[in-house]
Amino acid sequence: MNITIVGTGYVGLVTGTTLAELGNSVFCVDIDDKKVEAMKLGKVPIYEPNLEEMFLRNIQAQRLFFTTNLKEALDKSDVIYLALPTPPGEDGSADLSYILKVANDIGEMMTSYKVIVNKSTVPVGTADKVHATISAKTTVEFDVVSNPEFLREGFAVEDSMNPSRVVIGCSSEKAKDFMSKIYQPFTNTGVPIIFMDEKSSELTKYASNSFLAVKITFMNEIANYCEKVGADVDKVRLGMGSDDRIGHRFLFPGIGYGGSCFPKDVKALIKSGKQEGFNFEILEATEKVNTSQKVILISEIEKYFDGNLQGKKIALWGLAFKANTDDIREASSLDNIKILLEKGAKIVAYDAIAEENIRKILGDTISYAPDMYSALEDADCLLIATEWSEFKNPNFKLMAEKLTNKVIFDGRNMFDLETVENAGFFYKSIGRKTLE
Ligand code: NAD
């Protein structure tokens with residue numbers, strides 16, 4: 001099948017590459033001409049494990065194309081995926097301007113039947129809005145389908161090639177046939193395809209992300225309580241997770257969730273609820289708890305340094321919002337950096353993958369180290385904000401030699417308490433005993 005993907009960010013590029021890998025001809029459209037030029041030259045604009053190989057293979061096989069020309073791509077395709085940004089507007093609701101602008105353009109340009117598939121995360125009722133926007137511009141037949149994306153950054157290729165389920169919101173038999181055909185290689189291997197109405201499909205995505213945000217936040221509160229009563233959250237987590245109604249995933253406490261999805265989706269669902277006179281109280285609490293959780297170690301750092309961070313040099317391991325991605329949107333590192341700088345501290349950060357993106361925002365307001373140990377050189381303490389694998393088994397002896405003080409504030413519970421205790425560090429993590 002010939003398919004157009006509009007928006008080649010994390011979702012669009014991975015979806016486009018996956019659909020090409022499944023044998024379709026895919027035309028990726030983006031308004032960012034630099035990005036498009038780079039992709040034409042075989043450069044992947046984002047960091048995502050295993051993407052480059054599949055991307056290059058499909059360019060080589062002439063199944064994956066890049067353009068800034070929507071009309072050209074549209075004319076060649078039956079199915080048009082929208083993988084456009086839906087950032088939070090000023091009031092927290094999802095900004096649909098990117099989607100509706102492209103819907104308007106499609107309405108003006110299309111000359112034959114198209115299936116418009118919305119992959120972006122959007123509030124309930126957006127399929128109707130897209131339908132109305134296109135209808136206002138054309139009399140040509142078309143259908144609008146909701147097909148939310150569930151991939152995880154850092155595992156995007158794996159998730160996209162092996163989805164746990166495909167959710168399709170669709171009320172047209174004709175569009176349903178197109179979607180069934182596209183996902184046949186998955187359904188053929190037993191992946192469930194769940195058809196429903198558009199509104200339920202749109203809400204499925206928000207409900208899933210919000211549920212995961214609640215699960216993380218619940219565990220963070222349990223961790224904070226563990227510290228008050230002398231319990232160990234690692235033990236509690238293992239005990240809870242062994243109940244298969246709960247499961248082990250998303251029970252790891254830390255300095256809050258970030259990224260381009262959970263914070264904005266929780267906000268947007270709260271806002272959508274309010275528009276219907278409905279209060280999502282559990283989500284309001286989640287958002288509030290997460291905001292404070294992201295910087296929960298700051299007061300501990302201040303306490304350690306007797307309330308004075310002026311001139312203190314803090315090594316920061318990890319800038320990405322989570323491991324295996326270069327995405328720094330709403331990363332906890334940013335909240336911590338902001339406050340630490342305001343309090344007069346200096347930051348030396350290390351993140352092999354996300355440094356470039358942080359530099360674009362923070363420039364030289366912080367320093368950057370070429371490797372994890374150089375960051376520690378003469379630093380007064382170490383703060384860990386991202387759970388990169390390379391931090392998991394560090395050389396504690398070398399760390400002790402480099403750091404001025406053997407002090408670690410660990411926002412991601414990277415280390416086993418006994419190991420750090422034997423290495424003789426002051427160690428403050430989340431929901432566990434502080435080693436002094
Ligand atoms: P992104 O910001 O990485 O990419 C969006 C792309 O759209 C950019 O390349 C941008 O240049 C392009 N674009 C903007 N306006 C355009 C236009 N008029 N025409 C063509 N291209 C245009 O966004 P993303 O992270 O891929 O997210 C896209 C959507 O998918 C959002 O709704 C998001 O919530 C959802 N989503 C994201 C993830 C994730 O892990 N990132 C997972 C599931 C769902």
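Author: Happy to! First, a term: a nonpolar core is a set of buried Ala, Val, Leu, Ile, Met, Phe, Trp, Tyr and Cys residues joined through C-beta atoms within 7 Å. Keep in mind that this is a predicted model. Its largest nonpolar core has 112 residues, and those with the most contacts inside that core are Val 6, Ile 116, Leu 382 and Leu 383. Helix α10, residues 198-229, gives the most to this core, with seven residues. In soluble globular proteins, nonpolar side chains tend to be buried together.

Let's zoom in on Val 6. Leaving aside residues up to four places away in sequence, Val 6 touches Val 29, Leu 70, Ile 80, Tyr 81, Leu 82, Ala 83, Leu 84 and Val 102.

Now for the ligand. The shell around the ligand has 26 residues, and Gly 7, Gly 9, Val 11, Ser 120 and Thr 121 come nearest. By class, twelve residues of this shell are nonpolar, eight are polar and six are charged. Helices α1 (10-21) and α5 (97-109) each supply at least two of the shell's residues.

Finally, the wider layout. The domain assignment gives domain 1 (2-196), domain 2 (205-292) and domain 3 (294-428). The C-alpha centres of domain 1 and domain 2 lie 29 Å apart, and their contact takes twelve residues from each of these two domains. On the side of domain 1 that touches domain 2, seven residues are nonpolar, three polar and two charged.

How values were computed. Residues numbered from 1 in each chain as written. Predicted model: local features only at pLDDT ≥ 70, side-chain atom pairs only at ≥ 80, totals over all residues. Near = placed C-beta within 6 Å. Helix = DSSP H or I, 4+ residues; strand = E, 2+ residues; numbered from the N terminus. Nonpolar A, V, L, I, M, F, W, Y, C, P; charged D, E, K, R; others polar. Domains from an automatic or database assignment. Contact = placed C-beta atoms within 7 Å. Buried ≥ 20, exposed ≤ 12 C-beta atoms within 10 Å, placed from the backbone.
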